[in-house]
Amino acid sequence: MDDLLEALSRDTAEVAGRARASLVTVLQHGVGAGSGVLWAPGLVVTNAHVARRSRSVVTLAGGQEATARRLGRDFQHDLAVLEIDPALGSPAAIGDSGELRPGEWVYAVGNPWGVPGALTAGVVIANGGGVGTELLELDLHLRPGHSGGAVVNARGEVVGINTMMNGPDVGLAIPSAVVRRYLSQAGLGKAAFRRAA
Amino acid sequence: MNALEQLSDSLAAAVQSAGEGVVRVEGRRRIPSSGIVWSADGLVVTAHHTIDRRSEVQVGLPDGKATAAKVIGRDPATDLAVLRLSTAGGRVLKRIDEGQAKVGHLALALGRPGASIQSTLGVVSALEGGWRSPLGGHIEHYLQSDVVMYPGFSGGPLIDAWGRVVGMNTSALLRGIALAIPVATIERVSQALVEHGRIRRGFLGVGVQPARLPQPMEDRSGQSTGLLVASVEGGSPAERAGVMLGDVLLTLGGERLAGMEDLLAALGGDVMDRATPLEILRGGTRTTLTVTVGERPAPSEEED
């Protein structure tokens, strides 16, 4: 029993480490700090409500700072894509949000209240099919600053982007499948692919 | 797979499997609630407060089909209601045995307010002995978890890591607390509801508060407190029996009334509709009245 708890703690720390490696802070003059995910080399995915300005300063996991240019924004899905120097940082492993089942274990990383890389754990309440939403409904605590950060599964793969909270106890996230769809519709999917190649 | 992936996978599998015993209950105008398939012949238990005043509801089965269901009984005091499906469906889940639940056990709350199963996770936070709900219903265990009660989760099951039903979640019995009605209570109350359509509870029609008895009386009887009558409802069994303001109730049917709990327990027993001795203290003298305990009227307005 103790072994199991220790194994769970160890695995959690490992997943947290992986999730944090691709997490960035998005800082904008006069707007404040949000989070973002290094989705592919040179490509940061964040929320539209975080990337309000066309230029921002992105702080990578290692502490390096980079200037970022906004490539696209979609208010309907609360998504934005920023471009940084493709040599910087280590991109996330992207998972398939379509496979997420209710009850599955997930973590959210972000910079809640300005605390960089803070981790919060919970389970999937519903994966779409809820009340007229395609958002992931998560039994975990999102706070200001989590926006644009990643939701990762037990394998440490990014399956969503934090977008908002629904009351104090429920977090909502944009499924990775919706991010992929947006990137390809915006013509950024290929860019992401080319950069990755 | 590492331990975390196994845990994640097991949780999702438990939800999927137990979800076959969870139905959607469309008993109110707002968001639907959830229900637990309770018998293979079509009984479903759900939360009383999620069904407004109607005798028939629509139920969404785990396989996606919908069926009509009759509300065959409800008990506001334990927040339980029993439905009978016109077409039986879903799977009867295993239930936990007495003593198997432990504080600290993982617990999943399941709900089906929409088409698919939904879940939140927590632990069993408190598991205590019997208690009485604010409306006077006896509940076998005080069972509290820290699961998030998502909209529409009331009436759904709290399950353990083995997929067994630990209780029925309700957010209405105690506000702001994820409370579950334990299996023992569901079994007892649902059986009574199937047989009688309601839970009968005795009604006296007095407002009381505990009061200390004079020392000599305590010395004689060993009872240190009684129930001081602060109000008597007009036309109630108490008024017909001659109970007056300022009387102190001592015993009912021979059962000692040292506190509110004792009165509720005495009225919950089999005392209705027959002459029962009510011992009181009036003007320093012990007197015995004869009261015919009535049945408590149902609350007039349903709580949401």
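The reply below begins at the interface and then turns to the elements on either side.

Modeller: The model is predicted, and the description that follows should be read accordingly. In the interface, 23 residues of chain B are in contact with 26 residues of chain A. The size of an interface is often given as the accessible area lost when the parts come together. Here the area buried between chain B and chain A is about 2000 Å², and carbon and sulfur atoms give 63% of that area.

As for polar interactions, eight residue pairs are in polar contact between chain B and chain A, counted with both residues at pLDDT 80 or more. The count of salt bridges between chain B and chain A is one. That salt bridge is formed by the side chains of Arg101(A) and Asp9(B), with an N to O distance of 2.6 Å. On the side of chain B that touches chain A, helix 1 and strand 8 (118–128) of chain B each supply at least two residues. Helix 1 of chain B gives the most to that side, with eleven residues. By residue class, the side of chain B that touches chain A divides into 14 nonpolar, seven polar and two charged residues.

Helix 1 of chain B, residues 3–18, lies across strand 7 and strand 8 of chain A, and runs at about 120 degrees to strand 7 of chain A. Strand 7 (residues 105–110) and strand 8 (residues 118–127) of chain A pair in the antiparallel sense over six bridges. Within this pairing, Leu119(A) in strand 8 of chain A is the bridge partner of Val109(A).

Both of these strands belong to a barrel in chain A, which six strands close in the order 7-8-9-12-11-10 with antiparallel pairing. Neighbouring strands of this sheet are turned by 45 degrees against each other on average, direction ignored. Helix 2 of chain A (residues 176–185) packs on the sheet and touches strand 11 (158–165) and strand 12 (171–175) of chain A. The direction of helix 2 of chain A makes about 40 degrees with that of strand 12 of chain A.

Chain B also has a barrel, closed by six strands in the order 1-2-3-6-5-4, again with antiparallel pairing.

Glu56(B) stands opposite Lys70(B) in strand 5 of chain B. The side chains of Glu56(B) and Lys70(B) also meet in a salt bridge, at 3.7 Å from N to O. Glu56(B) lies in strand 4 of chain B and Lys70(B) in strand 5 of chain B, so this pair ties together parts that are 14 residues apart in sequence. Over all chains, the structure holds 23 salt bridges.

Technical notes:
Residues numbered from 1 in each chain as written. Chains lettered and ligands numbered in written order. Predicted model: local features only at pLDDT ≥ 70, side-chain atom pairs only at ≥ 80, totals over all residues. Heavy atoms only, no water. Pairing = 2+ DSSP bridges. Helix = DSSP H or I, 4+ residues; strand = E, 2+ residues; numbered from the N terminus. Axes fitted to C-alpha atoms, helices over the stretch in contact; angles between N-to-C directions. Contact = heavy atoms within 4.5 Å. Buried area = accessible area lost by both parts, 1.4 Å probe. Salt bridge = Lys/Arg side-chain N within 4 Å of Asp/Glu carboxyl O. Polar contact = N/O pair within 3.5 Å; in protein donor to acceptor, adjacent residues only side chain to side chain. Nonpolar A, V, L, I, M, F, W, Y, C, P; charged D, E, K, R; others polar.
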